[in-house]
Amino acid sequence: MSVLVRSGVGPLCAVARAAIPSIWRGKYFSSGNEPAENNPVTPMLRHLIYKIKSTGPITVAEYMKEVLTNPAKGYYVYRDMLGEQGDFITSPEISQIFGELLGIWFISEWMATGKSTAFQLVELGPGRGTLVGDILRVFTQLGSVLKNCDISVHLVEVSQKLSEIQALTLTEEKVPLERNAGSPVYMKGVTKSGIPISWYRHLHDVPKGYSFYLAHEFFDVLPVHKFQKTPQGWREVFIDIDPQVSDKLRFVLAPSATPAEAFIQHDETRDHVEVCPDAGVIIEELSQRIALTGGAALVADYGHDGTKTDTFRGFCGHKLHDVLIAPGTADLTADVDFSYLRRMAQGKVASLGPIKQHTFLKNMGIDVRLKVLLDKSNEPSVRQQLLQGYDMLMNPKKMGERFNFFALLPHERLEGGRHQRNARQSKPFASLVAGFSELAWQ
Ligand code: SAH
């Protein structure tokens, strides 16, 4: 039976969400054929041209990093790109049910691993704070379950603009925020439900301790290196200035091997690959932390299991956008290679997934939660929005199959730690991880 029904998680009525545009970031686009007249010379383009003229062509990874997170001009740093008025929309912005079910997932893992007296909820790339807000609402509603547990929230965010929006969404305005731009903890406050909340630019600055980590549509914005197989071997794709057209960038192949080639598997059979060393570093750090102190990480994103080739693409105003045009005005993204994430976790922690979003949410009880919200709502427009949101998240042709869930857990969690062992229980413990199998309230 669903936890949400039994415990009556609210609010029982629906929370208003953005109108749903027809496109989301999971879609594909091959870059490179936009006419030059559609290429305004943005400050970022000027910066990149200067950089390339001084030091030569740059890798796609360096291009992505500069365009997205350059501290002065990066796309993510000074704007709110999410939602109806922005460039793309994400699941928590579409439906409150998404975050509510993830909140239940964390509580379910907390209970399954012995109900520790404290935990940290750590989100990487929290966007507008909507997802963590929905999760915290579930924690409040299940206050009787969590009453003896000390919870703190830790957000890893590079964007100044988005961190301000997160603070507005999540914190109690009567308690002033503590700000210290020079410190690894650049902002601190208290959430509306009275939980301490802190902001960091890097995961390694978040205190080590029993934690639940969350990364939704985070790994896809990390910089990728791109490689093309040639008769001479793997050659990295670089970005150079087009000699034919002024102020235009183009892709070129490196004349010889480059160091990032070390990230390509020896038995690779594809002729084009994207590798994301930053994702590997973060997964290693998460794995070490989970192995050391317990907890779990939940990663949700669009991606593949080491099978796709050219997935680098741009988004602007809910439309696909040529990645080399008007850099700094559009989001850049590439599919997450879950087989690589799994390899980086191997030996340190256990991993589950990737499994499709529609399977994960179904296992978490999305149908029952939708029914509860529909039954409580008399407003036709709210009911329509709930149904449209459900369709967007679950429809295999929309986000249902393109998005995946992947989890990192301590080995003992799947083998069955002392507190989990039950002599009469013969089922493997892996089947008890909610989402990856049906949610069972323990
Ligand atoms: N998780 C949110 C937002 C996804 S957009 C949602 O689903 O709605 C990507 C988020 O990652 C943004 O908050 C962006 O500012 C942040 N981000 C991008 N690069 C980052 C980096 N290198 N370190 C930390 N945060 C980053």
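Predicted model: local features only at pLDDT ≥ 70, side-chain atom pairs only at ≥ 80, totals over all residues.
## The cavity

The largest cavity has a volume of about 80 Å³, and its lining is made up of A14, V15, R17, I94, S95, Q96, V382, Q385, L386 and G389. Helix α13, which spans residues 380-394, gives the most to this lining, with four residues.

Sorted by class, the residues that line the largest cavity comprise five nonpolar, four polar and one charged. As background to such descriptions, rolling a probe the size of a water molecule over the atoms shows where empty space is left.

## The ligand and its surroundings

Around the ligand there are 18 residues, of which T90, G125, G127, E157 and H216 come nearest. When this shell is divided by class, nine of its residues are nonpolar, six are polar and three are charged.

A backbone N or O atom of G125 lies 2.7 Å from a nitrogen atom of the ligand, while a backbone N or O atom of G127 lies 3.0 Å from an oxygen atom of the ligand. In H216 it is a polar side-chain atom that lies 2.6 Å from an oxygen atom of the ligand. On its own the ligand has 570 Å² of accessible area, and the protein covers 93% of that area.

## The second largest pocket

The second largest pocket has a volume of about 250 Å³. It is lined by 25 residues, and those closest to its centre are E274, V275, C276, D337 and Y340.

Of the contributing elements, α10 gives the most to the lining of the second largest pocket, with four residues. By class, the lining of this pocket has 13 nonpolar residues, four polar residues and eight charged residues.

## A cysteine in a loop

C149 lies in the loop between α7 (143-146) and β3 (150-156). Is this residue, C149, buried or exposed? C149 counts as buried because its relative accessibility is 10%, and buried means under 20% relative accessible area.

The position of C149 can also be described relative to S116. These two residues are 33 residues apart in sequence, and from C-alpha to C-alpha they are 7.1 Å apart in space.

Technical notes: Residues numbered from 1 in each chain as written. Heavy atoms only, no water. Near = heavy atom within 4 Å. Polar contact = N/O pair within 3.5 Å; in protein donor to acceptor, adjacent residues only side chain to side chain. Areas by Shrake-Rupley, 256 points an atom, 1.4 Å probe, with all protein chains shown as cover. Nonpolar A, V, L, I, M, F, W, Y, C, P; charged D, E, K, R; others polar. 1 Å grid on protein atoms, 1.4 Å probe; cavity = no way out; pocket = protein on both sides within 12 Å on 5 of 7 lines; lining within 4 Å. Points joined across faces, edges and corners; volume = space filled by probe spheres on them. Helix = DSSP H or I, 4+ residues; strand = E, 2+ residues; numbered from the N terminus. Buried < 20%, exposed > 50% of the residue type's maximum accessible area, 1.4 Å probe, protein only.
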